[in-house]
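Subject: Structure handover

Hello,

Here is the structure I said I would pass on. My notes on what was found in it follow below.

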Amino acid sequence: MKIGCDVDGNLNQGKFSAPMPWIGIYVTAASLACLVTMAADVIHGIRHRKLWFPCKYFSINATSLTLIAVAIKLSVDLNTAMPSRQDQLAKLSSSVLVCTVMGNSMPSLGAMENEELFMNVMAFGILVVTLIVNICIQLATGAIFVFWKEHACVMFIMLVLLIMLSFSALTVPICKHYLEHKYNKRNQLALKQSSNETGKRLVCKIREDLMKYWMMAHTSSPQFVMGRSATCTASGAICLLSSLILAEAILRTYLMPWSFKFCSGESDYKWSTTLVLVTQTVAVAVGTIAPASRWFIAINFRCAKRENATYKGEFKVEKYWIQGLVELKDCPLTLRIRNRHCRKLAHDTKNKLLDLCIGMQKGNVIMSKAIRLISIFFVSKILICCDFCKEWKKNFKCNTVFNDSSLESSQSSSSLEHLSCYVLHLEGEDALVGHMTKSNCDATDHWFQRGRRREPKHLIKLLEKSTFSQGFKGVAAFDNDKVPSLDVEEPPNCWALPVATLASIALALPNSSSCSIKGLMRGVNEGLMYINFIENHLESKDLTNIRKAATHVWLGVDLYHTWLDVDLHKLSLQGKSSKEILEELSETAKVKYEESKKSQTAINVCIRDTPSKWPLKELAANSMYRICQTILLNHRGSIDQTDERLLEVLTVMIADILAACLTNLQQVISTKCLNSTIEDREESVRLAVHILGKTEKILNILDQSIPRNLEPHQISWIDEWRLSLKREDPWAFPSSSPSESDRASPVSNDFYLSIE
């Protein structure tokens, strides 16, 4: 068929509709993406026992808004003929999907910054208004010729949800500010109580502290605050209603086909509309789970006392709902208007608009609470029946355990009362304190037990070889000050680089047991994960480049058994002695350092970076050179020892460095809880509890093993440890000036070894 004009000069439209099924597939793909992300949030909520379902994967942002805009393509298509049953249902399902998305993603408003919040709500508002206008046009033109009652109801629901969404967003900054202030006060109380508690084991003390931080972090989580608000729970009921409207339309269409009169013919979208309808119907069903669950939980709690429930003050509008708008009234306009009367008119107009918004906000809150109250009226009868069934089951339980259970319940109530003062709540949420305490008191235990099941067994086995009871001697023994420097200055040490370098040397040793090497590598791999976690949360001392060098070295060792392209496994099979291998590694490191320095000097003729900012290759080479030379220097002239003995020495050094680093776990766990933002605080505390469970045995092993002469601020840095150990026992770890480097020196018996 000829493209363009035909023989009569008319535009040839024969192929215009050919790509329409592919557009339908594109719409299906966008709907499927919404479905998958909403399903992921449902799975995440169930897995983490958060039945209010926070928005982790599907939230209001640029990506989701784009997906929604594509997914509602059929609803905004003004002129494509949609004659069949599935075509008209697909238009309705697109509209209901938007309602579902608004109800599902409302808690995500709490996780946004102010500017991001404003822009996303504005964008969503424009999208919804555009959709409503397009549906109205299609109802007028006849493009939508059935389900007009359903469309009218869905448009009204869409508008109500948009108002709820927009006005709920106004409270987010105020709530965050108030809860942050409250968190700081409760945090001071927690720190004071923690400092007064003595005589407890370290792990027990940290667990109790984390339970308090979890209660504060969870109850002040912006998403949870938004999820338990009156507007969000009411939106769940409205969202459920929109889903029922779609279900009613589908069921009536297929079960009562005589009640509808569809047109003959086929849409340009052809078979793709069926795919769109099925995908969007499933997306609506899955997406309704979260808002319906929030609504039901709120109803269940409000019905907790059932017939004894009181609803006095139920329709009170709390201050935080309108505080932001009231504060805006007191702010002067920033517009530069010279005329006083014009300035007065602008100011009065602004106040009138804000008064209107305050009135709408009050109406929004009262309407939301009314929906909740109406829901209670209808659902309470069902819940009373459920309570009766539970009581009936309890009557069949044995009464012999009454005394034990009463003792446990009294201890439990005492613990709950202690934690309740750490529940952060807004005005009007006093009744929720007990419920939130009871439902979250065991959350830390859940994550602690999960962590305990995933403890680093190989690392624990490696730490058992540490000399921490003798003062972590390996921390100072891996680098001797008598070793001549490769440059004028020496870079500082981080925890990870000497561990990675020592593991590289161990891998290159000849005649070593493969079982011992494999166990060492696994232990180091687990240990470096914790070292990275600790160093990520310590105060920076400009060690970023050195840590990158450690990561680069270990990546090669772990995956390829190489150190800077030197095949360590091949080196161990060359039949050389341990001394020769150490000398070869030392010389290779020196050559690589000089090559890198030469190339850098050629680029920057007059500029030389500080040692901590040297290139990764130079830092890795310098570490290898110094450690190899230290081992050769310390064990020069001693009696013959086996290669297995040298591997044992290196293993003890690695274990000591790892153990010394892991003494920072308590500090890092506390820092992770205290220094996170209000949006990330809940996840930070959860991760801290999980790590505590994984490292419980490690903390018990290392408890009370930190050298007394180390100040708290020095524990974080390996160079401070080395300096402290050398001051404490100068004969075991001698240091000297370069002019004395050729003299013999005393050597610690723990690391005394001859290498042939």
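Buried means under 20% relative accessible area, exposed means over 50%, and partly exposed is what lies in between. Please keep in mind that this is a predicted model.

By that cut-off, W52 and F224 are both buried. Their rings form a tilted aromatic pair, with 5.0 Å from centre to centre and 45° between the planes. W52 sits in the loop between α1 and α2, while F224 belongs to helix α8 (residues 222-227), so this pair ties together parts that are 172 residues apart in sequence.

The overall picture

The protein chain has 756 residues, and 50% of them count as buried. It holds 29 helices and two strands. Of the contacts between residues at least 6 apart in sequence, 84% join residues at least 24 apart. The accessible surface is about 37,700 Å², and carbon and sulfur atoms account for 59% of that.

In soluble globular proteins, nonpolar side chains tend to be buried together. Here the largest nonpolar core has 132 residues, and the members that touch the most others are V524, W563, L585, I654 and L662. Helix α25 (residues 643-662) supplies the largest share of this core, with 13 residues. Leaving aside residues up to four places away in sequence, L662 touches L459, L463, Y530, I534, I698 and L702. Another core, of 74 residues, lies apart from that one; L35, I60, V70 and I245 are among its members.

Aromatic rings

The count of aromatic pairs comes to six, and the W52 and F224 pair is one that I described above. W495 and W721 form an edge-to-face pair, at 6.2 Å centre to centre with 75° between the planes. This pair links distant parts of the chain: W495 is in the loop between α18 (473-477) and α19 (496-508), W721 is in helix α29 (residues 718-728), and the two are 226 residues apart. W495 and W721 are both buried. Ring pairs also join F472 with W495 and W721 in a cluster.

Two arginines lie over ring faces. R85 is over the face of Y254, at 4.1 Å from the ring centre, and R722 is over the face of F478, at 4.8 Å from the ring centre.

A buried threonine

T219 is in helix α7 (residues 202-219). Is T219 buried or exposed? Its relative accessible area is 0%, so T219 counts as buried. The side chain of T219 reaches the backbone nitrogen of L424 at 3.0 Å and the backbone oxygen of M216 at 3.5 Å. Not counting residues up to four places away in sequence, T219 touches F224, V225, R228, Y422, V423, L424 and M436. F224 in that list is the partner of W52 in the tilted pair.

Positive phi values

F53 has a phi near 55°, a positive value in a residue other than glycine. F53 lies in the loop between α1 (20-47) and α2 (62-71), and with a relative accessible area of 4% it is buried. For K270, phi is likewise positive and near 55°, again in a residue other than glycine. K270 is found in the loop between α9 (230-255) and α10 (272-287). At 40% relative accessibility, K270 is partly exposed.

Regards

Methods. Residues numbered from 1 in each chain as written. Predicted model: local features only at pLDDT ≥ 70, side-chain atom pairs only at ≥ 80, totals over all residues. Heavy atoms only, no water. Helix = DSSP H or I, 4+ residues; strand = E, 2+ residues; numbered from the N terminus. Buried < 20%, exposed > 50% of the residue type's maximum accessible area, 1.4 Å probe, protein only. Contact = heavy atoms within 4.5 Å. Areas by Shrake-Rupley, 256 points an atom, 1.4 Å probe, with all protein chains shown as cover. Core = buried A, V, L, I, M, F, W, Y, C linked by side-chain atoms within 4.5 Å. Polar contact = N/O pair within 3.5 Å; in protein donor to acceptor, adjacent residues only side chain to side chain. Phe/Tyr/Trp six-rings, centres within 6.5 Å; stacked < 30°, edge-to-face > 60°. Lys NZ or Arg CZ within 6 Å of the ring centre and 35° of its normal.
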